[in-house]
Amino acid sequence: MRSRIVPAVLSATVLALVFLVACGSGEPDERAADQASQDVSARAVGDPEVELAPATSPASTEPTTTTTTSSTTTSTTIVPPLSARPVYALVTASGVVLPVRRAADRPLVATPCQNELVVDEPDGAVEQLGSVHVVLDPGHGGLEPGAVTSDGLSEAELNYAVAKIAEVQLEHLGFEVILTRYGDHRVPLRTRVELAEALDAALLVSIHHQGTETNIPVQDTPGTEIYYQTDSPESKRFAGLLHEEAIEHLGAFDNDVWFAGVDAGATRRPNAATGEDFYGMVRTPTMPAVLAEMAFMGNPAEVELLRTRRFRVAEAQSITDAVVRWFSTDDPGSGFTEPSFGLRSSGGGGGLTGCVDPDLGIDTSLPGSPLLGVGAPSETD
Ligand SMILES: [Zn+2]
């Protein structure tokens, strides 16, 4: 919370409306949905747990350490300091995160659909963000639900639920974290990456769940797929750490059949034609980034687990523990596998075409020039 320059002034009523939009009526796990709702509120109005997190000063030059002692082990979490910064993003009253393109009394921001807006009253109407340690990116949203089970559990809501839990866990440890979306709305890939860049994030973790249903061999450990950046040793290291944590936390569940594809483990997915990384969320960021397919929505046994709060917490915990180890240790990680080359369909999504901005809930001046279609990168999700 240290880099939040101005306290949030979001109303509970608005947040409740956001939640209704976000979760729709198809949520089969009411308890998880309720928790997600509380989590949305917690982020915006201040979670008592998070408020207890050890404080770091934005201007501090020394890392903060948190020592956690259990009955058997003592571990130390190092939270690097964040420099004092100008405002790099706004969170609107409706919970939409807007990267700032030009800081000013009336800042120029980019909307999720890459329209430019001038915000009239940023001090009174929105939360203002400085830099962060980690950007967590819940994949998909809005009209791009990602994988969907036959009874309506969408990857978009699952990705969000896990990201939200991980955010609370990491903030409790003292890390600054932001999600690329706090509602069920469209965020094109370039906006997700722009946000991470604007916030000067040290690490970007894109959270997904694999929808593939065919030609999947089964195995006795989770088949979590973590794609790292070809040219980034630190991205690769994080992928190896997340692999270890996923095996530990997800593998603890009593599950007879885990799905796993050829990409199980910490791997790369280069484009067969160009050699560039296939996924835009891995290829385009300048900071270390990974895209993780945490579990398989095509496996009924895993779907049953994915409906439970316990399993979502375990997924989040694997991300959180990997983040802590990435910042605090030189552990190299493991589980590295040979790239399979990007021959499978990606499932698409993530582009700007047809993008409709969500309700931003802020006062704005006349919009600037729409940027739709200008030099769009290959929008591969
Ligand atoms: Zn996905």
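Strands E11 and E16 run parallel and are joined by six bridges, strands here being DSSP runs of E with at least two residues and helices runs of H or I with at least four, both numbered from the N terminus. Within this pairing, Ser206 has Leu291 of E16 as its bridge partner. The model is a predicted one, in which local features need pLDDT of at least 70 and side-chain atom pairs count only at pLDDT 80 or more, while totals for chains, interfaces and linings use all residues. Residue numbers start from 1 along each chain as its sequence is written.

E11 is also joined to E9 by five bridges, again in the parallel sense, and Val135 finds its bridge partner in Leu204 of E11. E9, residues 134–138, pairs in turn with E10 through three bridges, and this pairing is parallel; here Val134 stands opposite Val177. Two strands are taken as paired if DSSP finds at least two bridges between them.

How many residues of E11 are buried? Eight of the eight are, so the strand is largely enclosed by the rest of the structure. A residue counts as buried with 20 or more other C-beta atoms within 10 Å of its own, as exposed with 12 or fewer, and as partly exposed in between, the C-beta atoms being placed from the backbone. Leu203, Val205, Ile207 and His209 point one way from E11, and Leu204, Ser206, His208 and Gln210 the other way.

Ser206 also features among the contacts of Met281, a residue of helix H8 (residues 280–283). Leaving aside neighbours within four places in sequence, Met281 touches Asp137, Leu189, Arg192, Val193, Ser206, Ala289 and Leu291; a contact requires C-beta atoms, placed from the backbone, to lie within 7 Å. Met281 is buried, with 25 other C-beta atoms within 10 Å. The C-alpha atoms of Met281 and Gly139 are 9.6 Å apart, although 142 residues separate the two in sequence.

Turning to the helices, H5 (residues 155–172) and H10 (residues 309–328) pack at about 50 degrees, with axes 8 Å apart. Axes are lines fitted to C-alpha atoms, for helices over the stretch in contact, and angles between N-to-C directions run from 0 to 180 degrees. The two helices are therefore oblique to each other, since angles under 35 degrees count as roughly parallel, over 145 as roughly antiparallel, 65 to 115 as roughly perpendicular and the rest as oblique. The residues of this contact comprise nine nonpolar, three polar and two charged; nonpolar covers Ala, Val, Leu, Ile, Met, Phe, Trp, Tyr, Cys and Pro, charged covers Asp, Glu, Lys and Arg, and the others, Gly among them, are polar.

H10 also meets H7, their axes coming within 8 Å and crossing at roughly 140 degrees, so this pair is oblique too. Among the residues in contact are Phe238 and Leu241 of H7 and Ile319 and Trp326 of H10. This contact divides into nine nonpolar, three polar and five charged residues.

Overall, the protein has 10 helices and 16 strands, and buried residues make up 51% of its 381 residues.

Conventions: Two residues are in contact if their C-beta atoms, placed from the backbone, lie within 7 Å.
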